[in-house]
Structures are given as C-alpha cells and as structure tokens.
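Me: I am new to this structure and would like to understand the words used for it. Could you show it to me and then take my questions in turn?

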Amino acid sequence: MFHHSGKLQYPVKVDKPNPEFAMLLQQAIGGIEGEIRVAMQYFFQAMGARGDDRIRDMLMSTATEELSHIEMLGHAVALNLEGAPVSYQEATAKDPVMNAILGGANPRHLLSSGLSAMPVNSNGVPFDMSHVYATGNIAADMLANVTAEAGGRVLASRLYNWTDDHGMKDFLSFLIARDTYHQQQWLAVIEELGGIEKQLPIPNSTPEDNEAMQHSYYYLNTLLDKEAPQGRWSQGPSLDGRSEYSVRNQPAPEGQEPSLGQAKEKSGAQKEQIDPAK
C-alpha cells in the first residue's frame, strides 16, 4: 500500500519560465537515465527480492522516493511552461517565453499535455520499460542500480550546468545529492554481503563444474596491429581469488565454420539452396 503527501519532497521553484528547459527536463523523467526508470527498477527488484527482507524494504522505500522525484520534475516542467502560448496569435507576440516555444521547445507540451509534463524523454519518446533491470540476483541488481544512479547524476549535473535559473539550480542540486547517496546505498549493500570480491563471480552460487574455467580469466586481445593493453585486468590474481589473469594475443579461433548446409524442401528458399545440382 502506498501513501501520498500533498507536499513535495523538496521545494521546486522557477525564477523565469523556460519551455526549452522544460523539454530538457523531460529526459530526467522519461529518459533511460530518468526517474521513471529507477522507480520501476527498484519496484520490480523489491517485488522479486528473496533473502534478507531489509534489502526488499530498502528497495521499496527508494522506489517510492523516486516516484516523488517524478512528481517534483513534473511540477518543474509545468512551471517552466507557465506563460507559453496556447494559440498561433499568442505565439507571434513578442515575448521571450513564447519565442522559446517557436525556437526549439516540445510542441507536444501544448498539443498533448496542456502545458504539463509527460512520461517521455526530451525527444518525446515514451519510456517503454526496456531499461528496467530486475534479475532476482541481489548482487547483479545492486551493480545495475549503481550504474543507473551514476547515469542519473551525470544527467542532473548536465541539466544544472545548462540552466542559469536559481530555482532550477537549487532543485537540481537536491537531485544530485540524492543520486550521490543512492550510489553509495547500493554499494553499501554489496559491502554488507561481504564486498565485491566475495560476490564475484555473479552468480556466485553457480558450481565451478558448470563453467569452462580455462576460459574465465584471460584477456582476449583481438587487435591485430597492437599488443594487448596492460593493466590490473591482464595480470595478477583475479578479483574473485579463484585464478590469475593472463593475456591471449591474436588468438586462433577454436570453433567450426558456421555452415548450415542445404535448405529444406518447402522452406521458401531457392532451388539452388535446396539442391545445388538442380
């Protein structure tokens, strides 16, 4: 069961409406780096969480917080659209906000949503849930969550740098701060599980007999004109402690040619594919 407060999580103010910035803010709502993505990702991870119930509760609580971020961003979009034209006659008036509509803002904010936010990205493409990752493996999900929060913080930082509106900068500074915490929140779960080394390989429950381990710890260099780049990944003990890293330069293929042979009768292929003699 969900509960809702009539007040926003954090104040959202706009000093000067800017329809073009409203379009950019849509990326933080419906983009792959946006709040719809993380809200649904944490929600579905929570519904599938098994094991430590604390982690399920943390996921559900954070999913709910991300819903509040969608609400704040939606309000920010609407505030940036204040004063935008609702007719051609208005749009032709000499007004900076109206000129902005004609100079690159999203016309669907007028045509489809009545000067309010939509569940779309900055190009107007609806979020389709294809970037919601919930594997049922807590270590894999936590790493996916760190990546999601990192992408969200990059986006919020770019939006912060894009605007000179004090109200928007203040609001975005809040989102940047929450992304900071959420990155560390998910990493802290991995630390509680014993650290990344103990969690590797993911899933760590897969028996070694199921893995062709002779192929598990070499760097495959496919560059024909360069030696393999050297680093932590190419030598020394593996992060999971099971082996040593090595390098294979210009590796010879071990598989067969992927020939499928002749086509079958009635398969719709040409006669020459079915029987070369014909």
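The questions below ask what stands behind some of the terms used here.

Me: What should I know before reading the values?

Reply: This is a predicted model, in which local features need pLDDT of at least 70 and side-chain atom pairs count only at pLDDT 80 or more, while totals for chains, interfaces and linings use all residues. Residues are numbered from 1 along each chain as its sequence is written, and side-chain values use heavy atoms, with hydrogens and water left out.

Me: Why does S238 count as buried?

Reply: Buried means under 20% relative accessible area, exposed over 50% and partly exposed in between, with a 1.4 Å probe and protein chains only. The relative accessibility of S238 is 5%, so S238 counts as buried. S238 sits in the loop between β1 (218-221) and β2 (246-249), where helices (H or I, at least four residues) and strands (E, at least two) are DSSP runs numbered from the N terminus.

Me: Why is Y160 called partly exposed?

Reply: Y160, a residue of helix α7, has a relative accessible area of 29%, and therefore it is partly exposed, since that class lies between the 20% and 50% limits.

Me: What makes the pair S238 and D240 a polar contact?

Reply: A polar contact is a pair of N or O atoms within 3.5 Å; within protein, one must be able to donate a hydrogen and the other to accept it, and residues adjacent in sequence count only if both atoms are side-chain atoms. The side chains of S238 and D240 make such a contact at 2.7 Å, and the side chains of S122 and Q27 are likewise joined by one of 3.0 Å.

Me: Which residues does S122 touch?

Reply: Contact means heavy atoms within 4.5 Å. Leaving aside residues up to four places away in sequence, S122 touches M23, L24, Q26 and Q27, and S122 itself is found in the loop between α6 (108-111) and α7 (138-162).

Me: What makes a group of residues a nonpolar core?

Reply: The name is given to a set of buried Ala, Val, Leu, Ile, Met, Phe, Trp, Tyr and Cys residues joined through side-chain atoms within 4.5 Å. The largest such core here has 26 residues, of which F21, L25, L73, L159, M168, F171 and L175 touch the most other members. Its largest share, 6 residues, comes from α1.
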